[in-house]
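Subject: Structure handover

Hello,

Please find the structure below. My notes on it follow.

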Amino acid sequence: MAVSGTFIRPNQYFSSCVNTPSPRLNPSCRKQFCLKASAGNSDGEDRKLTRKEKDGGCKIEYTTEKPATPLLDTINYPAHMKNLSTQDLEQLAAELRMDIVHSVSQTGGHLSSSLGVVELSVALHHVFSTPDDKIIWDVGHQAYPHKILTGRRSKMHTMRKTSGLAGFPKRDESVHDAFGVGHSSTSISAGLGMAVARDLLGKDNSIISVIGDGAMTAGQAYEAMNNAGYLDANLIVILNDNKQVSLPTATLDGPAMPVGALSSALTKLQASTQFRKLREAAKSITKQIGGQTHEVAAKVDEYARGMISASGSTLFEELGLYYIGPVDGHNVADLVNIFQRVKAMPAPGPVLIHIMTEKGKGYPPAEAAADRMHGVVKFDPPTGQQFKTKSPTLSYTQYFAESLIKEAETDEKIVAIHAAMGGGTGLNYFQKRFPDRCFDVGIAEQHAVTFAAGLAAEGLKPFCAIYSTFLQRGYDQVVHDVDLQKLPVRFAMDRAGLVGADGPTHCGAFDITYMACLPNMVVMAPSDEAELMHMVATAAVIDDRPSCFRFPRGNGIGAVLPAHNKGTPIEIGKGRVLMEGSRVAILGYGSIVQQCVGAANMLKTRDIFVTVADARFCKPLDTELIKQLAKEHEILITVEEGSIGGFGSHVSHYLSLSGILDGPLKLRAMVLPDRYIDHGAPQDQLEEAGLSSRQISATVLSLLGRPKEALQFISGREWTH
Amino acid sequence: MPSYGLTIPGADSRLYVTTISTARPAPDPKPTSLPLFSSRATRFGSIKAKAATMNDAAAAAAEERKELSFYELLGIPESGSITEIKQAYKQLARKYHPDVSPPGRVEEYTEKFIRVQEAYETLSDSRRRAMYDQDMARGLHLAFSARRYQYDEGMEAKGDWKNRWQSQLSELKRRSSYKDDRQNMSWGARMRRQKEGLSDEV
């Protein structure tokens with residue numbers, strides 16, 4: 001049953017509990033009401049009190065209880081927002097903020113980016129009508145208000161959990177999500193495609209792409225704008241500028257300055273000195289002319305305005321997009337006004353509306369934090385204190401950063417490059433230690449790779465730390481600029497394998513495949529954090545060809561670290577045996593080796609002793625080890641947390657070429673299944689992929705001809721007989 | 001001569017003609033423009049002034065030392081309306097005007113008058129009042145005249161933004177009316193013309 005917006009009259013409700021002081025003229029105070037959202041009847045039980053602040057804003061007080069959101073409760077779909085007045089919309093924005101803070105405090109996720117676009121989301125859904133109109137959110141981590149307003153409010157507590165809401169817009173999830181996103185800078189391209197399709201099909205809906213100033217640093221955004229300007233199709237691009245280009249938006253010591261020349265260009269657009277001077281001039285002209293000049297004054301003003309708009313030749317205008325802005329991105333009335341006017345025009349062509357917002361707006365702990373609480377775990381709403389679980393070991397990322405710093409201390413040719421992910425890659429630490437040897441290129445993986453190639457060509461030792469999934473964006477550069485010329489660029493691929501709550505958009509499933517097929521690349525993977533440190537050292541000494549290593553999200557297993565965090569280079573193309581057994585050999589590649597060890601321990605309880613080996617290198621393969629394993633065992637199982645075409649493929653290729661496969665060996669490869677694994681808890685994902693210890697044990701058992709026991713392992717039940 | 005005067009709309013303009021420049025704290029009463037004022041003032045003000053002098057001499061002395069907020073000075077509550085502010089101002093201005101101040105206390109009264117003037121200027125302008133309230137809330141009791149509550153830079157910038165984008169929108173509207181003329185050969189224009197053409201036929 002659709003609840004129409006007119007069923008409950010929010011104005012009436014609120015006028016009864018509005019606490020207006022004696023009327024005073026205060027036109028600068030936009031919010032004339034006071035959100036006294038008391039769920040109970042008694043006034044003594046006000047849970048969510050918002051005081052009217054002197055400067056006109058409404059200050060929300062956050063508590064740990066679920067906020068009372070009377071107006072938001074009436075909105076199930078954007079259609080319910082059409083009849084709201086500006087005041088209602090502002091109140092809705094305040095309630096949305098409370099709801100988001102409450103919701104994210106319980107589930108974790110992306111907080112401040114969503115808070116920054118609350119007013120924008122409200123204004124967009126008020127003026128436009130999804131799903132006919134299409135709103136494409138670039139990257140999508142700021143789409144929580146959008147999800148709440150489009151019928152998914154009741155599911156917000158499942159955000160980023162197994163079988164719950166995805167952390168990014170997803171077409172399968174809702175018709176209101178026009179395009180699946182997760183990687184950045186794709187919104188304008190997709191929007192343009194949809195606009196062209198609309199024109200070809202003769203429809204007339206609106207297409208809106210919302211892109212941030214960070215995503216604007218990527219080349220694809222310009223490719224799209226260039227094309228949009230050329231095609232001249234009706235398209236609205238909203239540039240959400242909050243001066244936060246890199247992630248997290250801070251170095252170790254404080255907020256990060258936006259990277260790149262583009263940011264300063266955007267800042268200049270806000271400078272209004274020219275306009276102001278002109279206006280002053282116009283005003284003084286009016287004064288001098290004296291009293292009778294209504295018409296003349298109007299003409300002068302119009303003239304001034306015309307001059308300003310004609311002279312707005314900015315970067316975007318040159319690309320062919322009509323520039324409007326800057327606009328206060330937290331003023332709902334202004335936003336609604338602009339959107340309505342642009343929507344009403346028949347042929348505006350591509351338009352870029354530049355809005356200024358503040359990341360984390362309206363939630364003081366976020367506004368104050370250096371990283372603005374971009375990505376958070378569960379936290380306490382009144383204080384913003386996050387409940388971070390204490391772990392005995394650090395994350396792989398941190399071990400990587402530590403060992404790279406150690407290497408760089410003794411070798412001054414080592415430099416590090418990342419693409420706007422200082423925190424995620426751990427290079428914030430490197431940046432702090434060696435500020436001149438760490439390069440943040442903005443969201444530009446293609447450039448990062450070729451930039452590293454240039455550095456390597458001149459004798460430096462570049463370490464490119466880019467997530468496995470994001471390196472996909474710079475793949476041609478890896479092939480053509482690095483591998484083809486055999487330049488010694490080192491790729492540190494973090495977030496390899498399944499990544500948990502972020503889901504398939506961030507999953508690093510393909511890097512083994514796409515790196516190991518390159519002729520000159522050395523491809524290796526550590527099975528634990530100590531191995532990782534050794535591999536960083538190994539990569540540092542490989543100076544005649546490119547190399548890469550992959551490591552997963554998550555914390556170390558507690559391996560014994562080398563002294564002073566300084567790794568020792570390992571022999572290239574040499575694996576190692578971890579456990580000795582008979583009949584069955586499990587050859588793992590990467591951190592999945594830990595699951596193999598777990599499986600071996602499970603099988604011990606069944607009196608089955610398997611050999612577990614850590615391959616370490618996918619390229620060059622440790623052929624001696626493989627030959628030996630093949631000779632001494634009946635069954636060889638390769639395990640990797642990657643797609644088909646990776647490690648298992650290389651092993652089977654070798655075995656067939658060497659004739660071993662002609663013999664009695666039973667070979668099985670365990671890889672990620674041929675489908676995308678949805679977001680969820682890491683253990684759930686591993687089970688879903690069929691690569692947990694249990695499932696590896698089950699595979700062994702069924703190969704040994706003990707299918708019943710295999711079933712027991714799969715079902716997780718112990719049968720006694 | 002341009003008058004930077006404070007003309008209170010709706011008030012009896014004969015009563016108030018001040019030519020005290022807003023930039024300078026020192027009073028600059030032009031006797032030529034005040035005859036009306038002073039004659040009326042002496043009718044009422046003198047009696048009141050005499051009575052008042054006794055009572056609030058002590059208070060006034062204390063006041064001078066203390067930092068009074070504008071509201072306290074005018075004797076109105078913080079949520080006072082513009083009418084109350086005006087009334088308070090009128091009363092106090094009459095009381096403290098240099099021309100009607102008791103002989104020994106001209107300086108004191110003049111100073112008072114200036115403060116009252118400043119208070120009125122700030123509180124009667126909604127934007128400046130808002131800023132003042134904000135400062136008060138933060139506990140900033142700045143000395144009078146130490147901070148001119150001029151139109152805040154940030155807010156002025158935002159005001160400029162609004163003007164700018166409004167004119168940009170007007171320009172866009174203007175351009176969009178002739179955007180799809182025959183001469184425009186862009187893909188988008190062609191598609192739009194086609195669509196228009198089709199809808200005309202229907």
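Predicted model: local features only at pLDDT ≥ 70, side-chain atom pairs only at ≥ 80, totals over all residues.

Residues are numbered from 1 along each chain as its sequence is written, chains are lettered from A and ligands numbered from 1 in the order in which they are written, and side-chain values use heavy atoms, with hydrogens and water left out.

Confidence and make-up of chain B

The model scores ipTM 0.72 and pTM 0.74. Chain B has a mean pLDDT of 66, and 52% of its residues score at least 70. Seven helices and zero strands are found in chain B; helices (H or I, at least four residues) and strands (E, at least two) are DSSP runs, numbered from the N terminus. Confidence in chain B is lowest in helix H1 (residues 35-65), at a mean of 47, and highest in helix H3 (residues 82-96), at 84. Of the 202 residues in chain B, 41% are buried (under 20% relative accessible area; exposed is over 50%, partly exposed in between; 1.4 Å probe, protein chains only).

Salt bridges

Over all chains there are 39 salt bridges, each a side-chain nitrogen of Lys or Arg within 4 Å of a carboxyl oxygen of Asp or Glu.

A:Asp73 and A:Arg153 form one of them, at 2.6 Å from N to O. A:Asp73 is in helix H2 (residues 70-73) of chain A, and A:Arg153 is in the loop between helix H6 (144-152) and helix H7 (187-201), 80 residues apart. A:Asp73 is partly exposed at 46%, whereas A:Arg153 is buried at 18%.

A:Asp543 pairs with A:Arg490 at 2.9 Å, N to O. A:Asp543 lies in the loop between helix H21 (529-541) and strand E20 (547-550) of chain A and A:Arg490 in strand E18 (residues 490-493), so the bridge ties together parts 53 residues apart in sequence. A:Arg490 is buried at 0% relative accessibility; A:Asp543 is partly exposed at 41%.

In chain B, B:Arg174 and B:Glu171 form a salt bridge, with the closest N and O atoms 2.7 Å apart. Both lie in helix H6 (residues 153-178) of chain B, three residues apart, about one turn of the helix.

Regards

Conventions:
pLDDT = per-residue confidence, 0-100.
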